[in-house]
Amino acid sequence: MSAIVAIVGRPNVGKSTLFNRLIQRREAIVDAVSGVTRDRHYGKSDWNGKEFTVIDTGGYVLGSDDIFEKEIDKQVELAIGEADAIIFMVDVETGVTGMDEDVAKLLRRVDKPIFLVVNKVDNAQRAQDAVEFYSLGLGEYFSISSMNGSGSGELLDELVKAL
Ligand code: GDP
Ligand code: MG
């Protein structure tokens with residue numbers, strides 16, 4: 001069994017973009033059977049010779065903000081239970097949101113490696129903007145652009161060390 005890495009975060013931060021990058025050329029394992037996992041995508045990846053399974057959470061969420069928040073809570077709880085390490089993704093374009101703070105609060109109590117990843121850091125100005133995410137109380141973060149791939153190597157180096 002390879003280690004499991006879950007990507008959590010509110011909608012639109014870029015979770016699926018990173019997921020697709022991590023599993024490129026590999027088959028996504030889409031579990032359509034279990035009611036518990038139907039909304040999650042699994043894929044295989046590897047880095048520095050270490051194989052791991054990635055879970056992309058929250059693929060189908062639709063509806064009111066209320067349902068959003070409940071759904072994200074559920075996804076995070078499931079990820080916490082199942083994963084060996086958690087990527088918590090936030091978005092430098094929107095900055096810190098209330099939902100980010102809620103997820104951070106949950107994750108601060110979790111005794112598993114948590115990687116705070118500030119996505120959409122496509123340029124140097126955005127790298128400066130990313131410092132506001134220290135306010136989430138999760139310590140150091142990784143700045144990446146899931147779209148162009150920058151920063152993802154540094155993230156993966158540290159991620160596989162923790163597996
Ligand atoms: P998810 O809802 O968290 O899975 O987010 P998606 O992966 O579907 O991405 C949401 C939107 O953000 C899409 O329009 C992406 O193209 C965009 N996006 C994802 N990563 C980046 C990035 O690194 N930079 C920029 N500028 N946009 C991104
Ligand atoms: Mg998605």
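**View 1. Leucine 22 in helix α1 of the predicted model.** Leucine 22 belongs to helix α1, shown here in a structure that is a predicted model. This leucine counts as buried because 24 C-beta neighbours lie inside 10 Å of leucine 22, where 20 or more are required. Apart from neighbours within four places in sequence, the residues in contact with leucine 22 are Gly43, Ser45 and Val54.

**View 2. Lysine 44 in strand β3.** Strand β3 spans residues 41-47 and includes lysine 44. Lysine 44 has 15 C-beta neighbours inside 10 Å and therefore counts as partly exposed.

**View 3. The largest nonpolar core.** This core comprises 37 residues, and those with the most contacts inside it are Ala6, Ile7, Ile86, Ile87, Phe88, Phe115 and Val117. Two or more residues each are given to this core by the strands β1 (3-8), β4 (50-56), β5 (85-91) and β6 (114-119), and by the helices α1 (15-22), α2 (65-82), α3 (98-107) and α5 (152-161). The element that gives the most is β5, with six residues.

**View 4. The surroundings of phenylalanine 115.** Phenylalanine 115 is among the residues with the most contacts inside the largest nonpolar core. When neighbours within four places in sequence are left aside, phenylalanine 115 is in contact with Ala85, Ile86, Ile87 and Phe88, and also with Phe142, Leu155 and Leu159.

View 5. Which residues of α3 are buried? They are Asp100, Val103 and Leu107. These residues lie on the same side of α3 because they cover an arc of only 65 degrees around the axis. The face turned away from this buried side carries Gly98, Glu101 and Lys105, which are exposed.

**View 6. The shell around ligand 1.** Ligand 1 is surrounded by 14 residues, of which the closest are Gly14, Lys15, Ser16, Thr17 and Met147. Helix α1 gives the most to this shell, with three residues. By residue type, the shell around ligand 1 divides into eight polar, three nonpolar and three charged residues.

Note on methods:
Residues numbered from 1 in each chain as written. Chains lettered and ligands numbered in written order. Predicted model: local features only at pLDDT ≥ 70, side-chain atom pairs only at ≥ 80, totals over all residues. Core = buried A, V, L, I, M, F, W, Y, C linked by C-beta atoms within 7 Å. Buried ≥ 20, exposed ≤ 12 C-beta atoms within 10 Å, placed from the backbone. Helix = DSSP H or I, 4+ residues; strand = E, 2+ residues; numbered from the N terminus. Contact = placed C-beta atoms within 7 Å. Arc of directions from axis to C-beta. Near = placed C-beta within 6 Å. Nonpolar A, V, L, I, M, F, W, Y, C, P; charged D, E, K, R; others polar.
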